[in-house]
Amino acid sequence: MLRRKPTRLELKLDDIEEFEGVRKDLEGRKKQREEAEAAAGEEAAAAAAAATALALGTEHKSREQLVNERIGYKPQPKAGGRVAHFGTFEF
């Protein structure tokens with residue numbers, strides 16, 4: 001491997017000004033994004049609180065019922081009693 005002398009880098013005033021401008025632009029974007037996320041987080045928290053209040057206020061449902069509602073599954077109730085159906089015969 002060939003060795004060479006280190007390259008000298010010179011920092012000019014224009015480079016520093018460009019860096020500062022880009023840095024300020026990125027910081028401004030970051031602040032806007034954080035403010036938007038904070039506002040969205042507050043809205044989501046309010047919506048979650050309202051949903052919780054509605055869920056607790058109407059009726060208490062089991063975990064199984066909540067999952068069934070979420071996935072759109074509507075189980076059919078089983079036939080009552082001890083009747084077992086085999087074809088047309090009833091026991």
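What share of the 91 residues in the protein is buried? Buried residues make up 1% of them. The structure is a predicted model. The protein exposes about 9,600 Å². Carbon and sulfur atoms supply 57% of that area.

The secondary structure comes to two helices and two strands. From the N terminus on, the order of elements is α-α-β-β. Helix α1 covers residues 13-58. Helix α2 covers residues 63-71. Strand β2 is made of residues 89-90.

The mean pLDDT of the protein is 78. A value of 70 or more is reached by 70% of the residues. Among the elements, helix α2 has the highest mean pLDDT, at 88. Strand β2 has the lowest, at 55. Where pLDDT is low, the predicted coordinates should not be read in detail.

Charged side chains come next. Side chains of opposite charge can pair when their charged atoms come close. The count of salt bridges in the model comes to two. One of them joins Glu-20 and Arg-23. The closest N and O atoms of Glu-20 and Arg-23 are 2.7 Å apart. Both residues lie in helix α1. Three residues separate their positions, about one turn of the helix. Glu-20 has a relative accessible area of 27%, so this residue is partly exposed. Arg-23 is also classed as partly exposed, because its relative accessibility is 38%.

The side chains of Arg-29 and Asp-25 meet in another salt bridge. Here the N to O distance is 3.4 Å. Arg-29 and Asp-25 are both located in helix α1. They stand four residues apart, again about one turn of the helix. Asp-25 counts as partly exposed, because its relative accessibility is 38%.

The relative accessible area of Leu-13 is 59%. Exposed residues are those over 50%, so Leu-13 is exposed.

Asn-68 presents another setting. This residue is found in helix α2. Which residues does Asn-68 touch, not counting residues up to four places away in sequence? With those neighbours left out, Asn-68 touches Tyr-73 and Pro-75.

Note on methods
Residues are numbered from 1 along each chain as its sequence is written. This is a predicted model: local features need pLDDT of at least 70, side-chain atom pairs count only at pLDDT 80 or more; totals for chains, interfaces and linings use all residues. Side-chain values use heavy atoms; hydrogens and water are left out. pLDDT is the predictor's confidence in each residue, from 0 to 100. Buried means under 20% relative accessible area, exposed over 50%, partly exposed in between (1.4 Å probe, protein chains only). Accessible areas come from the Shrake-Rupley method with a 1.4 Å probe; for residues, only the protein chains shown count as cover. A salt bridge is a side-chain nitrogen of Lys or Arg within 4 Å of a carboxyl oxygen of Asp or Glu. Contact means heavy atoms within 4.5 Å.
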